[in-house]
Amino acid sequence: MTSVASLLSMITLAVAALAATNPSVSNPKVAFTATLPVTRPHSAANDIAAKSIAYLADRAQREPDNFAVQNRLAGYLLQRARETGSVEDLFFARRAATASLAAVAAERNRTGLAALAQAEFAVHDFLASRDHARRLIQLDSTKSESYAMLADSLIELGDYAGADEALKKMQALQVDDATFVGETRLARMAALRGRTDPARSHYLAALSLALDVDAPSPEAVAWCQWQLGETEFGRGHHEAAETHYADALNTLPGYFRALASMGRVRAARNDWAGAIEHYEQAIRILPDPTFVAALGDLYQLTGRTNEAAQQYALVEAIGRLSAANGILYNRQLAMFYADHDLNADRAYAAATEEYKTRRDVYGADAVAWTALKAKKLNDARAAMAEAMRLGTQDARLLYHAGMIARAGGNRQEAKQHLNAALKLNPNFDPLQSPLARKALEE
């Protein structure tokens, strides 16, 4: 079991990065700090990467105007963040990219601008990421990757028409050959529109492309395998999902995404011990509030109430840190409160504030679910309609729609949505699935 104290110590490292100032590109000189984040390497390859990062950070400290060094440093940090989930790495990467652009302007430094857009996306500054992706396209409209980056930000902002247009332009530049970048974005859009089979096909194509290189990236391969698992889990194919998650962990041992998802699928298969074990491993690497809350739920369900209370307290501690230092976990915390009938007004306020800019379907779902718990039924109905506008096939969305309809007295609509949720994925959540079945029986 991971103690609250040890996890809070890990979070404090993230807070240090989050609290650091993030100078704008317009600043004349911005030096990268020599203080490096602590990470948890998975392999010898990660040890080599850590040494490269240390070397580049030292050079960046001594040569703040060396934009090439800053760009290489940002690239290494972004890659390690993808492998470990390190929040510290993301903010240091953004600082390195900012320093690069302070040394050499974007017109002669598109690599630095691309790194900045990627870092901004990763820390949920989607408006800035969108604007910098557009600037990349303005500087060179022949790069398909720039349109993919633009689509990423537009999807998170809920501008699906704009994302479609960006992806069309991306594909137009990939007439002869499919690319890993292109296939993954097409998969994402297909999944959002409830087109599960095409999404799976695109992820399989992306996996094939990730493997079909001289030196495959373990992280890219594991990410595709994990996404295939997520696709299968979403439609209730738990055995197939577990196989994909196992593949991801074989490819990249200790991969935090696959560990947490393995915990979730083990819970769906009523393997409580296996679920707890995998969630404990995941939060040793990354104390994401979603992982921590899920572990607390499993402790609660298995009678370990004191340990459950510790995990729930940790989620709230992360919430206090997040409120002071950023918005990375805003949505997860709002949904945690709503799922556990805590702080309903605070959860609703957080969800609606975020939705002012990040107007995607899951943001609308967060507003709807928290509005229901805050007894704002009209707001819940309106937001749920927005959440369902793409036809996303997600049992959790359908469950929320059913419970909102039930609260409004629309028994037929409630029955329809609850049936659909449980048919799609009967065990989508250890706590919420039984509530869905109970509501349907009533």
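Visitor: Which residues does L397 touch, not counting residues up to four places away in sequence?

Guide: In this predicted model, L397 is found in helix 21, which spans residues 395-407. Leaving aside residues up to four places away in sequence, the residues that L397 touches are Y362, D365, M384, A387, M388 and T392.

Visitor: Does L397 count as buried or exposed, and at what relative accessibility?

Guide: A residue is called buried when its relative accessible area is under 20%. L397 has a relative accessibility of 0% and therefore counts as buried.

Visitor: How far apart in space are L397 and A421, C-alpha to C-alpha?

Guide: Along the sequence, L397 and A421 are 24 residues apart. In space, the C-alpha to C-alpha distance between L397 and A421 is 7.9 Å.

Visitor: How many helices and how many strands are there in the protein chain?

Guide: The protein chain has 442 residues, and buried residues make up 53% of them. As for its secondary structure, the count is 23 helices and zero strands.

Visitor: What share of the contacts with a separation of 6 or more comes from residues 24 or more positions apart?

Guide: The question concerns contacts in the protein chain with a separation of 6 or more. Among those contacts, residues 24 or more positions apart account for 60%.

Visitor: Is helix 21 parallel, antiparallel, perpendicular or oblique to helix 23?

Guide: Helix 21 packs with helix 23, residues 432-441, at an angle of about 40 degrees, and their axes are 11 Å apart. Angles under 35 degrees count as roughly parallel, and those from 65 to 115 as roughly perpendicular. The relation of helix 21 to helix 23 is therefore oblique.

Visitor: Which residues make the contact of helix 21 with helix 23?

Guide: Helix 21 passes helix 23 in a left-handed crossing. On the side of helix 21, the contact is made by R396, Y399, M403 and R406, and on the side of helix 23 by Q432, L435, A436 and A439.

Visitor: How do the residues in the contact of helix 21 with helix 23 divide by class?

Guide: The contact brings together residues of both helices, among them R396 of helix 21 and Q432 of helix 23. By class, the contact has five nonpolar, one polar and two charged residues.

Visitor: Is helix 14 parallel or antiparallel to helix 15?

Guide: The axes of helix 14, residues 272-285, and helix 15, residues 289-301, come within 9 Å and cross at roughly 150 degrees. An angle over 145 degrees counts as roughly antiparallel. Helix 14 is therefore, relative to helix 15, roughly antiparallel.

Visitor: How many residues in the contact of helix 14 with helix 15 are nonpolar, polar and charged?

Guide: Helix 14 passes helix 15 in a left-handed crossing. The contact is made by W272, A275, I276, Y279, E280, A282 and I283 of helix 14, together with F291, V292, A294, L295, L298, Y299 and L301 of helix 15. These residues divide into 13 nonpolar, no polar and one charged.

Visitor: Are helix 7 and helix 9 roughly parallel or antiparallel to each other?

Guide: The axes of helix 7, residues 144-156, and helix 9, residues 180-192, come within 10 Å and cross at roughly 20 degrees. Angles under 35 degrees fall into one class. Helix 7 and helix 9 are therefore roughly parallel.

Visitor: How many charged residues are in the contact of helix 7 with helix 9?

Guide: In this contact, A148, D152, I155 and E156 of helix 7 meet V181, R185, R188, M189 and L192 of helix 9. The contact has five nonpolar residues and no polar ones, and its number of charged residues is four.

Visitor: What is the phi of D341?

Guide: D341 lies in the loop between helix 17 and helix 18, and it is exposed, with a relative accessible area of 57%. Most residues other than glycine have a negative phi. Although D341 is not a glycine, its phi is positive, at about 55 degrees.

Methods
Residues are numbered from 1 along each chain as its sequence is written. This is a predicted model: local features need pLDDT of at least 70, side-chain atom pairs count only at pLDDT 80 or more; totals for chains, interfaces and linings use all residues. Side-chain values use heavy atoms; hydrogens and water are left out. Axes are lines fitted to C-alpha atoms, for helices over the stretch in contact, and angles run from 0 to 180 degrees between N-to-C directions. Helices (H or I, at least four residues) and strands (E, at least two) are DSSP runs, numbered from the N terminus. A crossing is left-handed if the near helix is turned anticlockwise from the far one by less than a right angle, and right-handed if clockwise. Contact means heavy atoms within 4.5 Å. Ala, Val, Leu, Ile, Met, Phe, Trp, Tyr, Cys and Pro count as nonpolar, Asp, Glu, Lys and Arg as charged, and the others, Gly among them, as polar. Buried means under 20% relative accessible area, exposed over 50%, partly exposed in between (1.4 Å probe, protein chains only).
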